[in-house]
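Here is a report on one structure, shown next.

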Amino acid sequence: MIAFASRRLLLTGSVVLALSACSGGQDPPPATDAATAPTLTLDESALPGVNRFEIGDLDTSRNACTDFDGYANGKWLAANAIPGDRTSWGAFEMLDERSTAIQRQLAEQSAADTAATGVEKIVGDFWATGMDEAKINAQGIEPLQGRLAAIEALADGPAVAEYLRQTHARGEGGLFGFGPEADFDVPTMHIAYAMQGGLGLPDASYYTDADKAPVRAQYVAHVAKMLELSGVPAGEAATQARSVLAFETRLASKSKSSVEMSRDVKLYYNPVTPAEADALTPNFPWTAFFESQGVAVPEKFSLAIPDFHKEVSAMLGDTPVADWQSYLRYHLVDGAAPYLGDAFVQENFDFYGHKLRGQQELKAREKRVLDALNQQAGETLGQLYVQVAFPAESKARMEALVENLSQSLKVRIENLDWMSEETKAKAMEKWASFTPKIGYPEKWRAWDGLTTSRDSYIGNVLAATEFNYKWMLSKIGQPVDRTEWGMTPQTVNAYYNPLQNEIVFPAAILQPPFFDPDASDEINYGGIGAVIGHEMTHGYDDQGSRFGPTGKFENWWTQADSTGFTGRTDLLTSQFNAYEAAPGKHVDGKLTLGENIADLGGLATAYDAMKQAAGDTPDPMTDGLSRDQRFFLNWATVWRRNFTPQELDVRLKTDSHAPANFRAIGAPSNLPAFAAAFSCKPGDPMVRTGDQQVVIW
């Protein structure tokens, strides 16, 4: 699946699955036939805690109207340093630790059952081989020797092109992205998409920006070290590393930046015939590529970012084969490094974790193995997770909350004073077709055909990689299956998919501070209620609003309404541009616009839903705080988060989400209800009025 398709609450990286649906309030479906399924247990006492809003967290020495994030979160942030194996720490990460602890118990139980079949066998095999450090170290580079020899044997550009086809057929291609996604024009059908790719640094801007020169130097040193570990002599490795940087710099010159990709979804869709694509990239004919993947040559596919693919074709003709070999050798070894011996793992971490993002310690092996399992076969573990960690009553209560938020959003759209009735009717048509999915898929993906063993960790990873790629290829030219999910149940996140007009809430996010069955309504509305509203509003953000109710990419706006919408979103861009995340480093209001629109609309909608649910009931004034104050304080609790300086720097360039402290204050400062709740006055930093106040949805 191409990365744009999920508009997420929190960026976690691209997923490589098609998206899907969920319904009903039934108990979680079993992982295997009930007669043969093992009994899975969960030791709750061994799990880390969650992060709830507590009255003692408030820093009453600060003024909520002046420094709301400091008032709500300052004490907690000062008392909760980032763990050594993390680059950020807050509510999301705490729930992720809890989810990981649950997964570990399930993986250990699966591995202990040597007679297991089905998903339990896959989970157990991954865990057992991944935890066998001695065996992994003993294997060294040997699992990659055949692939390294194939690179060494490349003689010219046509041979390189054939190598690229072969590696893609195993699911190991990295020079460009390729996979299925719903057709922008006919969203009920899958077509193939070819994307840009091939860069080792986080963004195209890293190859040219002056302030990233030190990072580039560190990257060259890392590439050289990884090549040395693969068997290249030190002096030659240094030379090859410089050629890798030059190679990627050329790719980057024809790549779109994170800002460009985030703010123009049309960049993903460039439908062409294979013959047209062949003419554009003569040294890499797409007709031959489709045939090599075992896929019928389609009538059309999306060749996104065509200038990138033209450059790859040119490089196949004019770049020395030795430079191609250096590039391919490095990316092969570095991509496999997390599954190889300690020296490879450590070098990969030293650059990407420590130098680039400020992570002080390598994650414990068990966490790294679970990361790999989630990446390669996450839904197998998800089937086990929902058996022990997601009560049916949570799903039922979430369904009620979604309905309440949906009705509040409907009222807000109906009452918009800046939108014409013509466009409003289209917006309501889209509202009526939202599909919510909660907890877990109604139908689990089949894993028949994936063969894993207790022989080799990287062997299991490579087997799953190829299995997943072929599964994805099987979708091309086929109807979209709306029962598939783009996140696993154990993922602490949520998303909106514009091509299916669906909002999805995995089981793992349905815990405090987002959702707490024992908490009062205002806490849940300020947490998961605002998340629900956030995902719904993505359907109407600057990119989601370009898709209609059926998921088709179409313009349903009048020109006047489109102009009015842009004027309002420009105000929000300016608001976030003014936030300084670090000395001299500002938030990019354009990069983060979609998420900021969703935060603003989601929080306003959740507040309306809370007030509607409360009706005429008296304000309980819990711990001396009003219902409205607790609503906004739990919103801020969700966004308490520390970052390493390096992690923050990367996110400012690449993350479509603003840093958490600005999400805590950005939306509330535009809501009169916040000012009223805390008795703020015009002129206070948390009160935006007049031309500065942003009102969209």
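Is Cys680 buried or exposed? Cys680 counts as buried, with 12% relative accessibility. Buried means under 20% relative accessible area, exposed over 50% and partly exposed in between, with a 1.4 Å probe and protein chains only.

This is a predicted model, in which local features need pLDDT of at least 70, side-chain atom pairs count only at pLDDT 80 or more, and totals for chains, interfaces and linings use all residues. Residues are numbered from 1 along each chain as its sequence is written, and side-chain values use heavy atoms, with hydrogens and water left out.

**The disulfide**

The structure holds one disulfide (a pair of cysteine sulfur atoms within 2.5 Å). Cys65 is joined to Cys680, with 2.0 Å from S to S. The link is left-handed, at -85 degrees about the S-S bond. Cys65 lies in the loop between strand 1 (7-8) and helix 1 (68-79), and Cys680 in the segment after helix 25 (672-677), so the bond ties together parts 615 residues apart in sequence. Helices (H or I, at least four residues) and strands (E, at least two) are DSSP runs, numbered from the N terminus. Cys65 is buried too, at 3% relative accessible area.

**Aromatic contacts**

Rings of Phe, Tyr and Trp (its six-membered ring) pair if their centres lie within 6.5 Å; planes under 30 degrees apart are stacked, over 60 edge-to-face, the rest tilted. The count is 50 aromatic pairs. Trp418 and Phe565 form a stacked pair, 6.2 Å centre to centre with 20 degrees between the planes. Trp418 sits in the loop between helix 16 (392-414) and helix 17 (421-432), Phe565 in helix 20 (residues 559-577), 147 residues apart. Both Trp418 and Phe565 are buried. They belong to one aromatic cluster, whose members include Tyr540 and Trp697.

Two charges sit over rings (NZ of Lys or CZ of Arg within 6 Å of the ring centre and within 35 degrees of the ring normal).

| Charge | Ring | Distance to ring centre |
|---|---|---|
| Lys430 | Tyr540 | 5.8 Å |
| Arg445 | Trp447 | 3.9 Å |

**The largest cavity**

On a 1 Å grid over the protein atoms alone, a cavity is a set of points where a 1.4 Å probe fits but cannot get out; lining residues have an atom within 4 Å of a point. The largest cavity is lined by 17 residues, and among the closest to its centre are Asp655 and His657. Helix 23 gives the most to this lining, with three residues.

Technical notes: 1 Å grid on protein atoms, 1.4 Å probe; cavity = no way out; pocket = protein on both sides within 12 Å on 5 of 7 lines; lining within 4 Å.
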